[in-house]
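Biologist: I would like to learn how to read helix packing and chain contacts. Please take me through the features one by one.

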Amino acid sequence: MKVYFDNNATTPLHPEVKKELIEAMGMFGNPSSMHAWGREARANVEDARSRVAGFIGAHDDEIVFVGSGSEANNTVLSLFVCASNQCIPGTKMRSSIITTKIEHPCVLETSECLAHRGARVKYLNVDRYGKVDLDQLAGMLGDDVGLVSVMMANNEIGTLQDIATISKMVHECGALMHTDAVQAVGKIPVDVAALGVDFLTISAHKIYGPKGVGALYVKKGIPYCPFIRGGHQERGRRAGTENTLGILGLGKAVEMRQLEMEAEEKRLASMKAILKKGIEERIDDIYFNGHPTDSLSGTLNVSFPGAEGEAILLYLDLEGIAVSTGSACASGSLDPSHVLLATGVDAERAHGSIRISLGRESTMQEVEYMLDILPKTIKRIRDMSTAYIKGGTHAASR
Amino acid sequence: MLQAGEWAYTEKLKEHFMSPKNIMQGENTDEFDGVGMEGNLQCGDQMMVVIKVDRDTEVITDCQWKTYGCASAIASTSILSEMVKGKTLDQAFHISPKEVAQELGGLPDNKIHCSVLGDKALRAAINNYYVRNGMDDKVKQEQAKTICQCMSITDHDIEEAVLKGARTYFELQEHTKLGTVCGQCKDEAEVLLEKFKHIHFGA
């Protein structure tokens with residue numbers, strides 16, 4: 001049996017998106033051209049823009065299509081370190097950025113780079129469930145802060161943040177608010193007005209759209225400067241000929257989410273509950289990471305002390321099951337997941353964690369197969385583990 | 001369109017990962033003549049090697065192990081446990097991580113670190129045998145030598161940094177903070193850097 005439980009990494013194309021893309025494959029015009037070929041491409045790009053805007057309660061001209069969620073996040077953060085006095089009126093004196101310790105690397109590494117270039121970057125702590133410390137945020141906010149960037153849903157543990165409350169605090173101090181909503185849009189309701197954000201990041205391939213395309217919401221009137229320059233595309237906000245097919249795919253993906261999201265997410269939540277209960281019943285000495293309720297409905301992160309993550313991942317791969325891990329060994333670095341460490345999980349639990357992320361193609365049969373294979377896999381690894389020998393850390397618990 | 005490629009590992013490694021040889025059954029180490037343990041769970045890998053030794057010939061007759069570790073840790077210790085059987089203690093002591101990697105058909109650079117623990121644990125088990133049998137004089141110490149006095153960085157730290165990816169003096173400094181105060185150890189550190197790059201990566 002082949003089981004794909006890694007939907008937070010990426011998702012298969014929705015069949016309707018695939019159909020639409022195949023039909024559109026012959027569309028090659030440049031949306032900037034005035035002739036019929038160009039106008040065809042333009043019409044489809046603008047149609048997709050309306051769909052994306054409508055899905056998050058934005059105006060069409062507040063949507064900028066980009067090459068990825070990472071590009072969108074780089075774009076927003078980079079606005080706040082500019083040597084020019086002209087570029088970002090009103091925010092040019094505010095070069096401090098606040099973000100969190102559990103962001104995606106595209107935010108964390110960009111922040112580090114900006115710090116080298118003179119920005120002051122502060123990182124918010126999270127509690128053991130991955131929720132941002134709002135008291136700490138209140139203490140950090142001040143006249144110097146230009147931007148606060150907090151992810152809406154965490155990719156590793158699924159924890160959701162209260163973006164509306166954070167936005168309110170941020171605006172009270174006169175700073176701007178960005179949320180990386182790559183894992184949230186299309187999984188939970190997202191309305192930019194209700195959230196009160198100034199910038200919001202979307203990616204297509206997390207919601208059954210194609211790879212290599214995303215969108216950045218930029219609230220009307222907010223200072224902006226392109227990250228990729230040298231073209232008038234996207235109203236001068238992102239140079240480069242549009243990825244027309246990708247944009248079309250994103251538009252269709254969003255349309256399908258609008259139709260299916262509510263029922264689909266309920267289905268994922270009930271499958272996750274069964275998975276969680278099954279793991280609890282069949283495997284000793286486990287820990288679930290992330291928030292028990294305020295979390296993405298398809299994301300389950302669990303630690304198996306005494307078993308190393310990469311070994312779990314690869315033994316499951318041999319059985320046809322795909323998951324991901326917060327283990328260092330699988331990522332090439334030697335440090336385990338920064339997200340799990342930020343929630344206070346000790347290094348051993350972080351090394352022995354896997355992320356199971358369900359999606360619209362996941363079935364109950366697959367959950368049952370997982371519940372059959374996973375306990376055997378963990379037993380096999382623990383049986384060869386030093387953690388369970390006499391005097392070992394977990395010897396007593398067996 | 002291409003099909004899914006192979007793992008980042010060789011077939012040989014995959015074989016040993018899928019059916020590891022000589023895993024110690026149960027929890028009792030009493031029946032063995034030497035026990036060695038290296039690493040710790042917090043760092044993400046820990047290794048235990050146990051050996052049985054023919055007292056007259058000092059030949060290793062059995063070698064078993066347990067590990068908390070990734071695929072390369074599992075596979076490299078599995079193959080090591082095969083390699084040492086029939087070897088004398090002295091021969092086994094001198095098996096290098098590079099020979100283990102070669103036996104596996106190679107390891108990705110960032111995984112060499114995971115395979116070093118196995119032979120460290122083996123050497124610890126051999127030393128443990130000597131101590132148990134009153135042959136303390138034979139115990140081979142791997143005494144660390146302090147290279148950077150200011151930051152108290154040893155040759156072992158330099159080796160570890162190389163295994164974690166340091167290839168230049170600058171990267172070595174990033175990993176260890178070596179030579180960041182007075183800088184007098186630079187020449188000696190650079191020599192060791194080259195030495196460990198050569199030992200582990202043939203560079």
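Biologist: Which residues in helix 2 of chain B meet which residues in helix 5 of chain B?

Modeller: This is a predicted model, in which local features need pLDDT of at least 70, side-chain atom pairs count only at pLDDT 80 or more, and totals for chains, interfaces and linings use all residues. Residues are numbered from 1 along each chain as its sequence is written, with chains lettered from A and ligands numbered from 1 in the order in which they are written. An α-helix has 3.6 residues a turn, so residues three or four places apart point the same way. Here B:Ser72, B:Ala73, B:Ser76, B:Thr77, B:Leu80 and B:Val84 of helix 2 meet B:Cys114, B:Ser115, B:Leu117, B:Gly118, B:Asp119 and B:Leu122 of helix 5. Contact means C-beta atoms, placed from the backbone, within 7 Å; helices are DSSP runs (H or I, at least four residues), numbered from the N terminus.

Biologist: At what angle do helix 2 and helix 5 of chain B pack?

Modeller: Axes are lines fitted to C-alpha atoms, for helices over the stretch in contact, and angles run from 0 to 180 degrees between N-to-C directions. For helix 2 (residues 71–84) and helix 5 (residues 112–132) of chain B, the angle is about 35° and the axes are 8 Å apart.

Biologist: Where does helix 9 of chain A bend?

Modeller: A bend is the angle between axes fitted to the seven residues ending at a residue and the seven starting there. Helix 9 of chain A bends by about 60° at A:Glu260.

Biologist: How many residues does each chain bring to the contact between chain A and chain B?

Modeller: Chain A gives 25 residues and chain B gives 23 residues. On the chain A side, helix 10 (309–318), helix 11 (328–331) and helix 13 (347–351) each supply at least two residues. Helix 10 of chain A has the largest share, four residues.

How values were computed. Contact = placed C-beta atoms within 7 Å.
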